Amino acid sequence: MRQRSLIAITAALAAGALTLTACGSRDEDGGSSNGGGGITVTIGVDAPLTGDLSALGLGIKNSVDLAAKTANKEKYVEGVTFKIEALDDQAQPSAGQQNATKFVADKEVLGVVGPLNSSVAESMQKVFDDAKLVEVSPANTNPALTQGPDWQTSKARTYKSYFRTATTDAIQGPFAAQYVYNDAKKKKVFVIDDKKTYGAGLAATFSAEFEKLGGEIVGTEHIDPETKDFSAVATKVKSSGADVVYYGGEYPQAGPLSKQIKAAGAKIPLVGGDGIYSADFIKLAGASGTGDLATSVGAPVEDLPSAKEFVANYEAAGYKEAYEAYGGYSYDSAWAIIEAVKSVVEGNDGKLPDDARAKVTEAMQGVSFDGVTGKVSFDEFGDATNKQLTVYSVENGAWNAAKSGTYTG
Amino acid sequence: MNELPQQLVNGLLLGSMYGLVAIGYTMVYGIVQLINFAHGEIFMVGGFGALTIYLYVLPDGTNIWVALPLMLIGGIIVAVLVAVGAERFAYRPLRTAPRLAPLITAIGLSLALQQAVWAWYPDARSAITFPQIHGGPFEIGSVTIQTGDVFLLVAAPISMAILAYFVMKTRTGRGMQATAQDPDTAKLMGINTDRIIVVAFALGATFAAIGAVAYGLKYGEVQFRMGFILGLKAFTAAVLGGIGNIYGAMLGGVVLGVAEALSTAYISEIPGMEQFGSQSWANVWAFVLLILVLLFRPQGLLGERVADRA
């Protein structure tokens, strides 16, 4: 009798847990309508839709959805209806790889936008490349993804099916270093990272440039992104005498870190990359976050004439979440796929060829159009040719553009 | 600047929070020999309970000093209800089952609670900001204490004192001690052991909820995953201090917290150890400490060596 109730309860709990997970994933399916007849092309979206980084992930998903809806409304590709399918990678490489496998198995998927995290991209690249399925990331900034592991010495493209609309950390880190040293006049930096592909890479490129300029690195730390208690690190920052902190990582840790450093008595700004450029950073850092800086790829979306329409359409579409740091890039990534599909379909008498995936990947290399974030095209490594960056600072509870420019080595 | 006093305070604060949560592990284990792995999630729902009072019950802009006691009560009620419900429906039916069964149930329950908050609590899919006590930090010599941490500094010792009084002086408390020593004989002596077990779960949940409010005030946010790592740390603290011993839980928590702060601050200064000293290694050093203690004192710091029960 006892044994039976044990089994019953364990089964009930397991079923309960599974049902709950299922409840959560139900609303992650794509929202685009699937009418219109003709050919249906699915654009996959892989991003963290839940968890700490979901603010950025949902912004990506909504922006891709908007691109698909716009293409359908304008009948941009004759006879083709676009829909999206969004999968949640929870910022975990293993989940990203499973999602990639799922996309490859779905024959309607001709391109995928995502992921957010460089470490997740690493786990997905080969899966997509083997299937010749094109992947366009709006957010990955680790240089090794396009230029190979030895990018500092010899650049070599590893995966032909991987593209990105964001610039790389090889540009972003040094750009931040130049701003901090030349414009903000900070000479002593404490460098912290989260040991992840993105964070550690960014911190390394920042440090190299900062030292080259003549700045001093007075301390380094690696934090555990699973914890919230950075008081010991904050105390080290205070006693190091640094006048600025550089953090390579993302806003769920950067926010509390900034707050705890200031609380420890070190009234110095925290500087980070695009991973902290989110409204959630300001929420987590609290009032003391004023003056913190972030670099992000491209010019501020709101300021670009090409982006006005995107911002207006995004608002009109009534999405619950903001488009966040990568909205414009996500829209452009999706649009690049749409352009590639268009050229393939038009070159094949309005039908999809049998090897549509390979053809789309091939067409992607030649895509060139005026997007939300400016001119969108890709170089021989699959990197965006648009190398613009912007420094933002936190003022009055919002990110304000401080300086826009292009990094020149 | 000499940072040692500040690092000790950092560790003490972190450790006090571990200790508050560890009490729940240790009391439940002491009485029913069950490691309640869902306790971290009981801590988490306590935090959300307190937040709910602030966001949805009290009028906007309520003074934090008025809100805080009500939030504490709300957090405690939610945590106790969940803990007692878990005991009644998930653990009691398995009380005579092999020990592994309730352990697995606890892990399942832990996931179910996390997912429930994730799925049904508004905006809980990312961190939610927790109300803060305003006012500048306190400076004592070279040590800075945050306003939010004052709550923890006051709550932890008071909680311990009340708990000690309860266990040592009240009828129910003595019933708990008797049940912990030998449940069958306690039952024969007329102690309602079922009731005692419920009280143990409820008390553990109460302290977890106090810990969760302290967490919210300290870090300014709560999220659905906050109980997982903290629960593991609190469990470690309970084992370190001697599982089953309530003073041990607090001591274990403090030792663990101080070990984490000091390892972050000083290990990288030892020649040859530079790469092992950052905060990302703090957990490793905490567990090295645990293993060392268990090697030389398997019963934990304050635990008593007891013969296996027949």
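Predicted model: local features only at pLDDT ≥ 70, side-chain atom pairs only at ≥ 80, totals over all residues.
Local features are given at pLDDT of at least 70, side-chain atom pairs count only at pLDDT 80 or more, and totals for chains, interfaces and linings use all residues. Residues are numbered from 1 along each chain as its sequence is written, chains are lettered from A in the order in which they are written, and side-chain values use heavy atoms, with hydrogens and water left out.

In chain A, the unreviewed UniProt entry lists residues 40–397 as "domain: Leucine-binding protein"; such annotations may be inferred rather than shown by experiment, their positions are in the numbering used here, and feature names are shortened. That span is 43% helix and 20% strand, with its end C-alpha atoms 43 Å apart; helices (H or I, at least four residues) and strands (E, at least two) are DSSP runs numbered from the N terminus.

The domain assignment, which is automatic or taken from a database, divides chain A into domain 1 (39–167 + 301–378) and domain 2 (170–297 + 390–406). The centres of these two domains of chain A, taken over C-alpha atoms, are separated by 29 Å. Contact, meaning heavy atoms within 4.5 Å, joins 20 residues of domain 1 to 18 residues of domain 2. About 1600 Å² is buried between them, 54% of it from carbon and sulfur atoms, where buried area is the accessible area (1.4 Å probe) that two parts lose on being put together, summed over both. Of the area that domain 1 buries against domain 2, A:Asp52, A:Thr141 and A:Thr167 supply 25%, more than any other three residues.

Two backbone details in chain A also deserve attention. The peptide bond from A:Gly114 to A:Pro115 is cis, with omega near -5°, and A:Pro115 is found in the loop between strand E3 (109–113) and helix H4 (118–130). A:Lys132, in the loop between H4 and strand E4 (134–137), has a positive phi near 55°.

For chain B, the unreviewed UniProt entry marks transmembrane regions that include residues 64–86 and 150–168. Residues 64–86 of chain B are 100% helix, with end C-alpha atoms 31 Å apart.

The contact is made by A:Ala232, A:Val233 and A:Lys236 of H8(A) and by B:Ala261, B:Thr264 and B:Ala265 of H10(B).
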